[in-house]
Amino acid sequence: MSKKPKITIKPFRHHVQMDPDYATKTWKLLKGAIHEIHKQNASGLSFEELYRNAYNMVLHKYGENLYDGLKQVVLEHLKEVAAHVADAIDDNFLTELNKAWSDHKISMLMIRDILMYMDRVYVIHHNEAPVYDLGLIIFREHVVRSPRIKDRLLKTLLTMIHRERTGEVINRGLIKSITQMLVDLGVSSRSVYLEDFEKPFEETSSNFYRIESQEFITSNSCPDYLRKVEARIKEELDRVAHYLDPLTEPKIKDVVERELIAAHMRTLAEMEQSGVVAMLRDDKVEDLKRMYNLFGRVSQGHAIMRDIMSNYIRETGKTLIMDEEKLKEHLALIQTILDMKDKYDKLLSQAFSQDKLFLQTLNQAFEFFINLNPKSPEYISLFIDEKLKKGLKGVSEEEVDRILDKVMMLFRFIQEKDVFEKYYKQHLAKRLLLGRSVSDDAERNMIAKLKTECGYQFTSKLEGMFTDMKLSADTMDGFKSFLRNQSESPLGGMDMNVYVLTTGFWPTQSAANCNLPQEILRCCEVFKKYYLSNHNGRRLSWQTNMGSAELKGQFVKRHELSVSTYQMVILLFFNERTEYTYNELRDLSGIPIQDLKRTLFALACGKFKILNKTPAEKKVEEKDVFQFNAKFKSVMTKVKVMTVVQKETAEERKETREKVDEDRKHQIEAAIVRIMKSRKSMEHSNLISEVTKQLSSRFMPNPMLVKKRIESLIEREYLERHKTDRKMYNYLA
């Protein structure tokens, strides 16, 4: 099948040669028009005719003549302009330059309109600068960068900015026009602005602020200096906004921050009477906030603040917690630490924007000084004890929760949480058994917080103590029902209340051989018989050091005495005789020496003197003689004889520590076995590290102690050493 032939239609070519004289005449006409535009006499020109003439020249291949001619005319004109600007006096220099620039822009816009066709055709084909850009380039090279103008322009601009920095008022609008001119002359880049102004501006600014900072810092306090810095930064940002290129902002900020802050920040922070320490000491929230914001602008600024703050808190706390006078009032000491923490929490919120690194520094500093004193766990437990006994009476639930949260914050800081647990159990036991707790809800709230912090294992025994109290109440209901069903009272008219405590839950007490009176022993036997009849296989032992009693005493008038079990034992002896020596009471009662002295002191030297003592000194000695005080009187019928609250003796403290150490041995061994059971084999240092990591929430195990427990486990064949590598351990199933 044959293809149809293609038909191509070509345009008609009309070859017309332009007369060379006509091109010269046309250029002469255009040149004259450009001169008139430069003279600002463009109103009489016909732009349509001029455009047509320029169009014809380009169309007939005279574009090069037209472009070169334009370049020459503009160059000659701008040389005259440059000479005129250079001759201007200093006060009028920028004004003349700005006028020349403004006139030149208008002229070039008009010329561009006339030569628009050349821009579209000749310029693009020959890769030349567009007409308007050509005008900018010529203005840049022969006006702005002319030998008589370039340096003078820079000096004038920098001088005016310096004058403004020193408080004078300058023509911001004029400078804005000049800096914008430098930007525009870069022709789609900032090179002219950057080289002819911005770099020298940065250098002079750096020198200015370097000198000013030296003057500032020698004559101002740290807060005053920082206020000046803040004002300077604001001024520079305002300066950029009004008459500099926006991209200059980060550079001038960097200059100001480097010269005014970074160069002097340690000197400022360490100023003796006005630096970080003085601000922290005097609660200068606004000053600290200003320093935090300004120092945050530079590298290592916040690190310097944190370092000084940490050292100050550590030293202050160390002085506080190691002060022998302060330690005598341990409740006041803990309250002071809480107040101190409140103060820094407030600063953290109001001055440091809850910065996590500042919070970490703060917590580390508190943890450091609190753990300097090995008695801190005991003191914190005593503080909680005081609050839960009477310190929270009449306080709302929200306030109770807030106080307990603050105490928990201190608890988090202590490393020996197992020591705290020992003391907390002792104090909780006394509160529960003596009915001194202000609120069961508050007690359970505290235990819930401890459980959240440390887990169920930490609080299981504490919760068991509450369970015992509830079961004891049920037991006593049954016992009283049993007594009511008897024909005659087995207790001989006495009332008895017993708490049955599970040995594993409550703090263990060394058995005290207190000799109870016969009538009390009879009551104990009745209860013991009843209890064991309902609970086979259990064994009861009486904790006489933890009980209390109500006695009726005949003095000037009858009084009801609320006393401890030990006090009851002593007082009942005076039913037989009115006078006993210390040694007689010691032998008859069997009360441990320290407890006996506390008991006799409370009865003879306390607020209510139930006994008289000879000699009448505020101290119990072995030579003392005690007499029944028949003349005792009180406005109250019910008299509560307070027990002597005495700090742990060295012996008791040693006993508590031994119990803690014994518990730690078991915990370390349990951790080692858990780890080795899962890993099967492990290198010595890695095992030590893992054990420390697992136990750090309760205490910081000593590596030597861990090593001893490993040896013990090897002896008992839970572990073995690797046959070739003595630093490796294997688990034995």
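The model is predicted: local features require pLDDT of at least 70 and side-chain atom pairs pLDDT 80 or more, while totals for chains, interfaces and linings use all residues. Residues are numbered from 1 along each chain as its sequence is written, and side-chain values use heavy atoms, with hydrogens and water left out.

Select residues 90-114, helix α4; helices are DSSP runs of H or I of at least four residues, numbered from the N terminus. Its 25 residues should span 36 Å at 1.5 Å a residue, and the end C-alpha atoms, 37 Å apart, agree with this; the expected span is 1.5 Å times one less than the number of residues. Buried residues of α4 include Phe93, Leu97, Trp101, His104 and Ile111 (buried: under 20% relative accessible area, exposed over 50%, partly exposed in between; 1.4 Å probe, protein chains only).

Next, select cysteine 514, which is buried at 11% relative accessibility. Its sulfur lies 10 Å from the closest cysteine sulfur, in cysteine 524, too far for a bond. With a disulfide taken as a pair of cysteine sulfur atoms within 2.5 Å, the count is zero. Cysteine 222 is also buried, at 0%.

Move to methionine 322, in the loop between α16 (301-321) and α17 (324-328). Methionine 322 is partly exposed, at 43% relative accessible area.

Finally, select glutamate 257 in helix α12 (residues 249-262). Glutamate 257 is buried, at 9% relative accessibility. Leaving aside residues up to four places away in sequence, glutamate 257 touches Ile233, Ala262, Arg297 and Val298 (contact: heavy atoms within 4.5 Å).

Definitions and conventions: Helices (H or I, at least four residues) and strands (E, at least two) are DSSP runs, numbered from the N terminus.
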